[in-house]
Amino acid sequence: MSALRCIAALMLREMGTRYGRRPGGYVWAVLQPLGIIIIIAFAFSLIAQSPALGTSFLLFKATGMLVLQTFNALGSNVGRAMNYSRALLFFPRVSWIDAVIARFLLNALVSLAAACIILVGIILFEDLKTVLDWGQIFLAVVLICALGFGIGCLNCYLFQRFPVWDDIWGILTAPLFVISGVLFLYEDLPPFAQDILWYNPIMHITGLMREGFYPVYSPGYISVAYTAACALVPMVIGLLLLRQYHRDLLYR
């Protein structure tokens, strides 16, 4: 119960400091990705008659963009959990794992709530008739949250142990917008590109998400086992490193 109270208190603290003091608050969590989706969809509507799937450019881009945005939010914000709560971690009742879990839960809830609002809004606004496969959608959500948490745990150690890693991480994640299936389908790529991008786990999750929204789409390249391994390996390594060195990291 003590750990749950700590996690809840840390979440409430971040809700007040991160969103409560900024004009618009949580509205920006919806407006920012929605604005990017609208701009991309409009740009592609000028150069193509129809999207790769369905009839809605907005829905096609949103089903890819929101997956990537969730990963980026978790990978970065969970990675900065100990830095964000550093002052509180000197209190005996607040542990490093409380800070990590609190940051993961809050950012996951905000990202998923924003995604739901945007996707439902697009479907209603464009009056789209589609049959949703909730099993595939739920699996995609679980995998992207697990992947973001796993990478975030490893980043939580690396960001503090090697400060330059924060800059390197920004460079490494910049191309994800292009290579994660946000703008195109895996099947539309040339074979040599497919062979390389198959190793990007976000590409698999984007395919799963689109399979859930488009009944006619059945991607054959998806490997749930590979994607789960990409989430679990950094998660285990990151948690073990944090457990071993969290005290040293606090005093760096």
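Buried means under 20% relative accessible area, exposed means over 50%, and partly exposed lies in between, with a 1.4 Å probe and protein chains only. The model on screen is predicted, so local features need pLDDT of at least 70 and side-chain atom pairs count only at pLDDT 80 or more, while totals for chains, interfaces and linings use all residues. Residues are numbered from 1 along each chain as its sequence is written, and side-chain values use heavy atoms, with hydrogens and water left out.

**Stop 1: Thr206**

Select Thr206, which is in helix H10. Helices here are DSSP runs (H or I, at least four residues; strands are E, at least two), numbered from the N terminus. Thr206 has a relative accessible area of 2% and is therefore buried. What is Thr206 in contact with, leaving aside neighbours within four places in sequence? Thr63, Gly64, Val67, Ser180 and Gly181 are in contact with Thr206, where contact means heavy atoms within 4.5 Å. For a distance check, pick the C-alpha atoms of Thr206 and Cys116: they are 16 Å apart in space and 90 residues apart in sequence.

**Stop 2: Gly212**

Stay in H10, which covers residues 201-213, and select Gly212. Its relative accessible area is 0%, so Gly212 is buried. Leaving aside neighbours within four places in sequence, Gly212 is in contact with Val131, Leu132, Asp133, Gln136 and Ile137.

**Stop 3: H3 against H6**

Select residues 57-79 for H3 and residues 134-161 for H6. The two axes come within 6 Å and cross at roughly 30°. Axes are lines fitted to C-alpha atoms, for helices over the stretch in contact, and angles run from 0 to 180 degrees between N-to-C directions. The crossing angle makes H3 roughly parallel to H6; angles under 35 degrees count as roughly parallel, over 145 as roughly antiparallel, 65 to 115 as roughly perpendicular and the rest as oblique.

H3 passes H6 in a right-handed crossing. A crossing is right-handed if the near helix is turned clockwise from the far one by less than a right angle, and left-handed if anticlockwise. To show the contact, display side chains from H3, including Val67, Thr70, Phe71 and Leu74, and from H6, including Ile144, Cys145, Gly148 and Phe149. By class, the contact has twelve nonpolar, seven polar and no charged residues. Ala, Val, Leu, Ile, Met, Phe, Trp, Tyr, Cys and Pro count as nonpolar, Asp, Glu, Lys and Arg as charged, and the others, Gly among them, as polar.

Now pick out Thr70 in H3. Is Thr70 buried or exposed? Thr70 is buried, at a relative accessible area of 3%. Not counting residues up to four places away in sequence, Thr70 touches Ser111 and Ile144.

**Stop 4: H5 against H6**

The contact is made by Val100, Phe104, Ala108 and Leu112 of H5 and by Val141, Cys145, Phe149, Cys153 and Cys156 of H6. Nine nonpolar residues make up this contact by class, with no polar and no charged ones.

Ile97 also lies in H5; its relative accessible area of 27% makes Ile97 partly exposed. From the C-alpha of Ile97 to that of Val142 is 20 Å. Then move to the loop between H5 and H6 and select Asp127. Asp127 has a positive phi, near 50°, in a residue other than glycine, and counts as exposed at 51% relative accessibility.

**Stop 5: Cysteines of H6**

Select Cys145, which counts as buried at 9% relative accessibility. The closest cysteine sulfur to that of Cys145 is in Cys116, 11 Å away and too far for a bond. Cys156 is buried as well, at 0%. The nearest cysteine sulfur to Cys156 belongs to Cys153, and 7.2 Å is too far for a bond. A disulfide is a pair of cysteine sulfur atoms within 2.5 Å, and the count by this rule comes to zero.

**Stop 6: H6 against H7**

Finish with H7, residues 164-173. H6 and H7 pack at about 140°, with axes 8 Å apart, and are therefore oblique to each other. Show Ile151, Asn155, Leu158 and Phe159 of H6 with Trp165, Asp166 and Trp169 of H7, which make the contact. By class, this contact has five nonpolar, one polar and one charged residues.
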